[in-house]
Amino acid sequence: MNQSNSSVRRMAALALLIAIIVVMSYTPLGYLQFGPIQMSLLTIPVAIGAVVMGPTDGAILGGVFGLTSLFSAISGRSAMGTMMFSINPFACFVVCFVARVLMGWCTGLIFKALQKAMPKKEKLSCALGGLLAAVLNTVFFMGSLVLFFYQTEYIQNLVSALHVSNPFAFVVVVVGLQGVLEAILCCVVTCAVSVPLRKIWNK
């Protein structure tokens with residue numbers, strides 16, 4: 001395949017995944033509300049893109065995911081996001097957007113490392129790529145949330161309501177079961193979709 005056809009194929013695949021992210025962001029499949037925070041399945045198309053196409057495209061898709069999250073904060077669709085934006089728009093941008101770009105980029109980098117370490121275990125590498133995408137999304141999002149907003153009245157009210165005494169306990173309680181479910185779904189779906197796509201992509 002020549003370079004021109006390869007570029008067209010890459011742009012078409014990227015456009016399709018972007019469209020999936022945008023559509024999911026406006027349906028219940030994109031953001032599922034669990035208490036004060038939303039469980040997001042938008043990590044799945046980002047993980048698939050990062051695994052199949054690489055870290056750069058993973059970062060781009062993570063950026064699209066981040067923009068949908070930022071829009072939810074600005075538009076009032078997310079109570080916590082709206083709170084963050086009203087207190088500190090720049091910090092909200094970091095939490096919603098930058099964290100997701102880093103997630104997509106790091107997922108692609110880690111998957112490449114897994115390929116080199118386990119060249120004959122394609123399915124395992126794809127499954128781990130999906131799992132790590134969800135874990136990284138939680139780590140970057142919750143880490144930046146605690147960094148910028150833990151001392152705010154809104155978060156401290158949540159801390160009191162949840163009966164926790166430190167940032168780590170707050171993250172564990174808030175993420176809880178939803179984080180586990182998100183990681184499992186991302187792992188299973190990313191593996192199921194990415195393995196056959198990679199065979200086609202690498203031809």
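**Note on the helices, core and surface of the model**

1. Glu-122 counts as partly exposed, because its relative accessibility is 26%, which lies between the 20% below which a residue is called buried and the 50% above which it is called exposed. This value, like the others in this note, was computed from a predicted model. The partner of Glu-122 in a salt bridge is Arg-198, and the closest N and O atoms of the two residues are 2.4 Å apart. Arg-198, with a relative accessibility of 7%, counts as buried.

2. How many salt bridges does a search of the whole structure find? The search finds two, and the other pairs Arg-10 with Asp-57, with 2.5 Å between the closest N and O atoms. This pair also links distant parts of the chain, as Arg-10 is in helix α1 and Asp-57 in helix α3, 47 residues apart. Arg-10 counts as partly exposed because its relative accessibility is 28%, whereas Asp-57, at 3%, counts as buried.

3. Helix α3, which carries Asp-57, covers residues 55-75, and its 21 residues reach 30 Å from the first C-alpha to the last, close to the 30 Å expected at 1.5 Å a residue. The helix is mostly covered, with 15 of its 21 residues buried. Just after α3 comes Gly-76, whose phi is positive, at about 90°.

4. Which residues touch the most other members of the largest nonpolar core? That core has 24 residues, and the ones with the most contacts to other members are Ile-21, Val-46, Met-53, Leu-61, Met-103 and Cys-186. Two or more residues are given to this core by each of α1, α2 (43-53), α3, α5 (89-117), α6 (122-149) and α8. The element that gives the most is α2, with six residues. As general background, nonpolar side chains in soluble globular proteins tend to be buried together.

5. Helix α8 spans residues 167-201 and includes Leu-177, a residue that counts as exposed because its relative accessibility is 62%. Leu-177 is one of the members of a nonpolar patch on the surface, together with Val-180, Leu-181, Ile-184 and Val-188, and the patch has about 450 Å² of accessible area in total. As a general point, an α-helix has 3.6 residues a turn, so residues three or four places apart point the same way.

6. Ser-25 is found in helix α1, which runs over residues 3-25, and it counts as buried because its relative accessibility is 1%. A polar atom of the Ser-25 side chain lies 2.6 Å from the backbone oxygen of Val-22.

7. A colleague checking backbone geometry may wish to look at His-163, where phi is near 60°, a positive value in a residue other than glycine. In general, most residues other than glycine have a negative phi. His-163 is found in the loop between α7 (153-162) and α8. Is this residue buried or exposed? His-163 counts as exposed, because its relative accessibility is 71%.

Methods: Residues are numbered from 1 along each chain as its sequence is written. This is a predicted model: local features need pLDDT of at least 70, side-chain atom pairs count only at pLDDT 80 or more; totals for chains, interfaces and linings use all residues. Side-chain values use heavy atoms; hydrogens and water are left out. Patches are made of residues with over 30% relative accessible area and no salt bridge: like charges are joined within 9 Å, nonpolar side chains (Val, Leu, Ile, Met, Phe, Trp, Tyr) within 5 Å. Accessible areas come from the Shrake-Rupley method with a 1.4 Å probe; for residues, only the protein chains shown count as cover. A salt bridge is a side-chain nitrogen of Lys or Arg within 4 Å of a carboxyl oxygen of Asp or Glu. Helices (H or I, at least four residues) and strands (E, at least two) are DSSP runs, numbered from the N terminus. Buried means under 20% relative accessible area, exposed over 50%, partly exposed in between (1.4 Å probe, protein chains only). A polar contact is a pair of N or O atoms within 3.5 Å; within protein, one must be able to donate a hydrogen and the other to accept it, and residues adjacent in sequence count only if both atoms are side-chain atoms. The expected span of a helix is 1.5 Å times one less than its number of residues. A nonpolar core is a set of buried Ala, Val, Leu, Ile, Met, Phe, Trp, Tyr and Cys residues joined through side-chain atoms within 4.5 Å.
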